[in-house]
There are 2 protein chains.
Amino acid sequence: MSLRWDTSEHIVLGRFVVKWLFITAVLGAAVGSAVAFFLWLLHQATVIRWQLPWLVYFLPLAGIAIVVVYAKWGKNSAGGNNLVMEQIHEPGGGIPKRMSPLVLFATVATHLFGGSAGREGTAVQMGGSIAQALGDLFKLNKPDTRIFLTCGIAAGFGAVFGTPLTGAIFALEVLTLGRMRYEALIPCLMASMFGDLACSMWGIHHTHYSIIAAALHLDDAVAKITPLISGKVALASIFFGLAGYLFAELTHTLSHLFTKYVPTYWVRPIIGSALVLGISYLLGTRDYLGIGVLTADGTGASIVNAFKGDGITAWSWFWKLLLTAITLSSGFKGGEVTPLFFVGATLGAALASLFGLPVDLMAGLGFIGVFAGATNTPLACTIMGVELFGAQCLPYFSITCFFAYLFSGHSGIYLSQKMESAKC
Amino acid sequence: MSLRWDTSEHIVLGRFVVKWLFITAVLGAAVGSAVAFFLWLLHQATVIRWQLPWLVYFLPLAGIAIVVVYAKWGKNSAGGNNLVMEQIHEPGGGIPKRMSPLVLFATVATHLFGGSAGREGTAVQMGGSIAQALGDLFKLNKPDTRIFLTCGIAAGFGAVFGTPLTGAIFALEVLTLGRMRYEALIPCLMASMFGDLACSMWGIHHTHYSIIAAALHLDDAVAKITPLISGKVALASIFFGLAGYLFAELTHTLSHLFTKYVPTYWVRPIIGSALVLGISYLLGTRDYLGIGVLTADGTGASIVNAFKGDGITAWSWFWKLLLTAITLSSGFKGGEVTPLFFVGATLGAALASLFGLPVDLMAGLGFIGVFAGATNTPLACTIMGVELFGAQCLPYFSITCFFAYLFSGHSGIYLSQKMESAKC
């Protein structure tokens with residue numbers, strides 16, 4: 001028997017890489033640029049809303065405009081992230097090209113007028129829609145189209161948060177609960193890196209969360225991974241998982257309620273707006289409107305402030321969760337992930353003194369943990385912890401994301417996520 | 001419709017965690033302690049061999065003793081890692097308890113007398129065998145036994161290298177090429193962390209590879225992830241993948257040749273010893289014997305020296321690969337992973353000047369890349385990069401491990417690894 005050295009196998013592998021290198025570079029450039037434009041617009045919208053506070057009174061009108069445009073010209077774009085995932089599971093009608101501009105402007109309008117929403121959904125939908133268009137252009141066959149759509153998710157996600165490896169793993173992990181398949185591994189990594197590269201070449205900078213700073217805790221007990229802290233982190237992560245569960249179920253429940261009790265579809269965003277603005281008025285703060293990374297004057301509840309333990313209350317996480325669920329279920333557009341970061345970071349910060357752990361560590365753990373629970377992507381979120389906060393607390397990141405994943409139960413924000421196997 | 005809040009679901013999840021917390025703590029304590037004892041013995045054996053160089057002339061006798069003991073009293077222990085994986089795929093006869101002491105002493109004997117081998121196989125087999133024994137004691141049912149055996153792999157791997165998250169992901173990823181299932185996620189993480197904790201409580205310290213030091217490259221071009229360096233890393237990783245392929249295929253081929261042309265089983269280690277010692281004599285160095293992390297006098301080819309670019313030649317990687325393949329295929333015991341680290345680190349260091357990249361970066365990338373290729377575990381190896389070398393070069397780690405995984409083709413050192421889907 002002679003040594004197996006199958007050159008033809010490696011030629012196939014080489015051609016595979018060259019082919020995907022080319023098409024994911026095109027995809028990454030397109031998606032990364034679209035995301036850069038989106039992030040720039042989003043920033044402008046946020047700043048303008050801060051400068052012109054009366055804009056929020058037009059939130060109902062913006063909502064009506066969004067749902068009417070989607071109903072009249074959206075085709076099936078309203079399917080959103082779920083449509084992208086469905087087309088990967090069961091390629092059918094495809095993702096309409098118009099999804100990209102629609103979700104872009106609808107999200108920016110949502111933010112301009114004070115809806116509480118995120119941005120990853122927008123990036124993922126632009127990624128999916130651009131991938132569909134390019135895939136048709138390149139005449140990809142069905143299996144390749146599925147991989148390419150997955151690449152679209154990876155490129156969008158990687159670019160919007162500046163976390164390429166997280167984007168790639170997220171795209172693979174989000175499709176099916178409890179399983180990850182590797183066919184799209186290399187294409188997704190390339191797409192995500194190209195997307196991130198293109199986005200940063202447009203001069204986009206991502207918020208840096210100064211957290212778990214090596215300098216801050218290096219000589220501290222937290223830097224050493226101890227059983228006691230690990231146990232505390234695991235316990236706290238049960239709360240993160242339950243928060244993810246609550247967010248997912250509340251969003252689905254409100255969507256059902258709106259559909260059932262408000263048959264006239266364009267009335268839904270009016271009610272949603274009234275609730276969002278009314279609750280904000282009663283709370284006496286606008287901190288829970290918009291993207292929530294920063295606040296207008298730098299004080300108050302925001303993701304950045306959660307890491308310092310400033311400006312947040314014990315219930316900040318709940319109000320953001322509630323306002324986002326209302327905003328998205330009543331017809332506004334945007335993502336769920338940045339609000340989940342907000343919910344997690346403020347919940348973590350609120351729990352910090354209870355658990356006797358540093359507030360920045362707990363905010364960081366909540367940030368990735370609630371996201372892991374609500375989307376059922378424990379590995380992607382663990383890696384996001386490393387990409388955003390460094391390697392020092394990796395064991396805690398993994399405990400957080402794995403436990404939050406478990407305790408979000410068989411729930412999740414993406415209804416098109418397949419369930420491969422029960423969590424336990 | 002009211003909000004779904006299924007308390008019974010969360011009670012089930014809570015009981016799941018408490019149950020696995022308890023049994024993985026027992027498993028982790030047992031496996032971590034066994035691994036600590038093994039690592040201590042291995043260190044003693046290595047030091048004694050350095051002090052008594054004539055011990056290598058007894059390598060043939062040690063080999064005969066090993067294969068005879070396995071043949072007469074080993075039951076099916078000779079199945080090794082593959083037996084552990086088979087019992088997870090298709091629980092059947094189980095893993096014999098005697099596998100633990102057998103593989104422990106056979107590996108130590110292999111190292112004491114100068115065979116070229118590693119240690120993760122030993123740790124994994126001890127983990128699997130101890131998990132089987134404890135699982136029988138706890139009267140686990142079939143599905144739980146499968147998870148528990150996977151936990152045994154995780155605990156053994158996590159403890160032997162001091163990389164708990166890598167251990168958990170490795171255990172999940174290694175079973176099936178191209179797919180990862182999540183049922184065992186939390187149990188494996190707990191087992192791996194308990195195993196690592198127990199091992200370090202016995203005072204075991206793991207070799208620290210001073211590599212990609214933040215201080216060294218922080219202001220350097222390497223610290224910024226650039227397309228040029230990414231492309232170079234991807235190209236270099238093709239070589240890492242091919243080295244993994246070569247190692248796997250050479251080991252399988254030599255095993256077949258020994259079985260076919262040397263029917264008397266105890267003659268095989270005599271021939272293997274003669275080849276290992278003869279090649280070492282011709283090369284004029286004993287650097288490729290034993291575990292290879294360090295050398296007797298600190299100079300020459302070793303993993304540690306590869307990171308400095310000292311003492312290695314352009315072909316160091318090949319000689320280690322060859323001697324390890326001969327050692328293991330002729331009947332000696334030990335793991336493949338540390339030799340794969342050696343092959344990768346020396347190959348990376350040898351390629352560094354060709355690619356114009358720092359030698360420590362390339363050694364680190366080869367270290368994880370060849371391992372990823374030979375075992376088809378790209379995610380575990382990416383995370384190992386973070387656990388050993390920090391987060392700074394994470395994008396390069398992922399490129400390396402994913403490309404090496406791809407270019408090792410449909411090959412791998414574990415014949416019981418199932419193939420779920422083609423790599424492309």
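Begin by selecting A:Ser77, which is buried at a relative accessible area of 1%; buried means under 20% relative accessible area, exposed over 50% and partly exposed in between, with a 1.4 Å probe and protein chains only. The structure is a predicted model, in which local features need pLDDT of at least 70 and side-chain atom pairs count only at pLDDT 80 or more, while totals for chains, interfaces and linings use all residues. Residues are numbered from 1 along each chain as its sequence is written, chains are lettered from A and ligands numbered from 1 in the order in which they are written, and side-chain values use heavy atoms, with hydrogens and water left out.

A:Ser77 belongs to the loop between helix 2 (59–73) and helix 3 of chain A. Helices (H or I, at least four residues) and strands (E, at least two) are DSSP runs, numbered from the N terminus. Display the side chain of A:Ser77: one of its polar atoms lies 2.7 Å from the backbone oxygen of A:Gly74. Leaving aside residues up to four places away in sequence, A:Ser77 touches A:Tyr70, A:Pro96, A:Arg98, A:Met99, A:Leu102 and A:Gln125, where contact means heavy atoms within 4.5 Å.

Next, select A:Lys75, located in the loop between helix 2 and helix 3 of chain A. A:Lys75 is not a glycine, yet has a positive phi of about 50°. With 61% relative accessibility, A:Lys75 counts as exposed.

Then move to chain B and select B:Lys75, in the loop between helix 2 (59–73) and helix 3 (80–89) of chain B. B:Lys75 also has a positive phi of about 50° without being a glycine, and it is exposed, at 62% relative accessible area.

**Helix 3 and helix 6 of chain A**

Return to chain A and select helix 3 (residues 80–89) together with helix 6 (residues 142–161): they pack at an angle of about 155°, with their axes 8 Å apart. Axes are lines fitted to C-alpha atoms, for helices over the stretch in contact, and angles run from 0 to 180 degrees between N-to-C directions. Helix 3 of chain A is therefore roughly antiparallel to helix 6 of chain A, a term for angles over 145 degrees.

Which residues make the contact? Helix 3 of chain A contributes A:Val84, A:Gln87, A:Ile88 and A:His89, and helix 6 of chain A contributes A:Arg146, A:Leu149, A:Thr150 and A:Ile153. These residues divide into 4 nonpolar, 3 polar and 1 charged; Ala, Val, Leu, Ile, Met, Phe, Trp, Tyr, Cys and Pro count as nonpolar, Asp, Glu, Lys and Arg as charged, and the others, Gly among them, as polar.

Now colour helix 3 of chain A by accessibility: 9 of its 10 residues are buried, so the helix is largely enclosed by the rest of the structure. Among the buried residues are A:Gly80, A:Leu83 and A:Met85. Their cover includes helix 4 (99–112), helix 5 (120–137) and strand 3 (418–419) of chain A.

**Helix 10 and helix 13 of chain A**

Select helix 10 (residues 227–261) and helix 13 (residues 316–329) of chain A, which pack at an angle of about 35° with axes 9 Å apart. Residues in this contact include A:Phe247 and A:Leu250 of helix 10 of chain A, and A:Trp317 and A:Leu321 of helix 13 of chain A. The contact residues comprise 11 nonpolar, 4 polar and no charged.

**Helix 7 of chain B**

Finish at helix 7 (residues 164–174) of chain B, where 11 of the 11 residues are buried, so the helix is largely enclosed by the rest of the structure.

How values were computed. Angles under 35 degrees count as roughly parallel, over 145 as roughly antiparallel, 65 to 115 as roughly perpendicular and the rest as oblique. A polar contact is a pair of N or O atoms within 3.5 Å; within protein, one must be able to donate a hydrogen and the other to accept it, and residues adjacent in sequence count only if both atoms are side-chain atoms.
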